[in-house]
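Please look over the sequence and the structure shown here before reading on.

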Amino acid sequence: MHCFHRTALAVIAVTAALAGCETMKNADTGALAQAGGSAFKAMSLSDAEVSTMSDQSCAAMDQKNQIAPAGSRYATRLTQVIKQMPTTVNGKTANYKVYMTKDVNAWAMANGCIRVYSGLMDLMNDDELRGVIGHEIGHVALGHSKSRMQTAYAASAVRGLAGAASGVAAQLSQSQAGDLGEKFVNAQFSQANESAADNYSFDLLTERKLERKGLVTAFDKLAKLSGGATGSSIMSSHPPSADRSARMQKRLDAAK
C-alpha cells in the first residue's frame, strides 16, 4: 500500500492546525490559506521542479557536511564499490559522495544525488554497501524519492519556509534549501516503499552479477544497531531490519 498521499495530507492537516492557533490569534487567516495552498501545490510538483529542488537541497547538504576528499580512503573505497553500479538513475547522472560522519545512513535524491555516510561504510563490507546503495537507488528509480521531496516541501511550505506566492521556480535561500534537505533525509518511507526498494536492489545486483548475500547481512547489522538509533531513516525503518533480512534470505534461497 502506498500511503504517501494520506501521510502527507495528515502532516499538512496537523501542522496547519497547529499553525492555525497562532494564525487565528493574530487574525491572519489569509496567511494560513496561503500556507495550505502551498502545501497542496507540493503534491503536484513536476519532475523538473523536484529535480531543481533536489539540486538546491543536495548542494545545501553538501555545504553542511564534510565531504571525503578525492584520494581519501573513503572516497577511494566508494569509487571501487560503485564501479559496477548504475552511472545514471531515471536519466539523471548518478553523483556519489561520502559524508564524513559517524552516523549510519545513506540516501538518494531524484536528481541523482547519492550520499553515503562514513559511519555506514565503517559498519558494512563492500557487498553490504552495494546492497544498501542499490536500495537507495531503488527509491529514486521507483519514484519514492520524488514523493519524499514532495512531503518534505509540504512540511516546509506550511511553516512558510518556501512560500507559494512565487512558486518553486524561485531560488530557495541557502537556509530554506538546507531545511528542505534535512526534512528529506529524515522523512520515513512507507513499508511498501521500503520492501519495493529492497527488491529493486536484489534485482539490480542479480542483473549485474554481483553478490546479493550482502543485502541479508547488511540488514542483520542494522537490526543489531536499530535499538539505539536516532535521526536516521535507514536505522528506524519499518518493516524492521530483521524482517527485511529474512525476506532477502528467502529470495536468495529461492534463486539457488
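Helices are DSSP runs of H or I with at least four residues, and they are numbered from the N terminus. The model discussed here is a predicted one.

G214 is found in helix α10, which covers residues 213–225. With a relative accessible area of 3%, G214 is buried, because buried means under 20%.

Leaving aside residues up to four places away in sequence, G214 touches D127 and E128. Although G214 and D127 are 87 residues apart along the chain, their C-alpha atoms are separated by 4.7 Å.

## Salt bridges of helix α6

A search of the whole structure finds 11 salt bridges. In one of them the side chains of R77 and D126 meet, at 2.8 Å from N to O. This pair links distant parts of the chain, since R77 belongs to helix α4 (residues 73–81) and D126 to helix α6 (residues 126–141), 49 residues apart. R77 is partly exposed at 22% relative accessibility, and D126 is also partly exposed, at 33%.

D127, the residue touched by G214, forms a salt bridge with R130, with the closest N and O atoms 3.0 Å apart. Both residues lie in helix α6, 3 residues apart, which is about one turn of the helix. D127 counts as partly exposed at 25% relative accessibility, whereas R130, at 13%, counts as buried.

D198 and R244 form a salt bridge in which the closest N and O atoms are 2.9 Å apart. The pair links distant parts of the chain, with D198 in helix α9 (residues 191–207) and R244 in helix α11 (residues 241–255), 46 residues apart. Both D198 and R244 are buried.

Definitions and conventions
Residues are numbered from 1 along each chain as its sequence is written. This is a predicted model: local features need pLDDT of at least 70, side-chain atom pairs count only at pLDDT 80 or more; totals for chains, interfaces and linings use all residues. Side-chain values use heavy atoms; hydrogens and water are left out. Helices (H or I, at least four residues) and strands (E, at least two) are DSSP runs, numbered from the N terminus. Buried means under 20% relative accessible area, exposed over 50%, partly exposed in between (1.4 Å probe, protein chains only). Contact means heavy atoms within 4.5 Å. A salt bridge is a side-chain nitrogen of Lys or Arg within 4 Å of a carboxyl oxygen of Asp or Glu.
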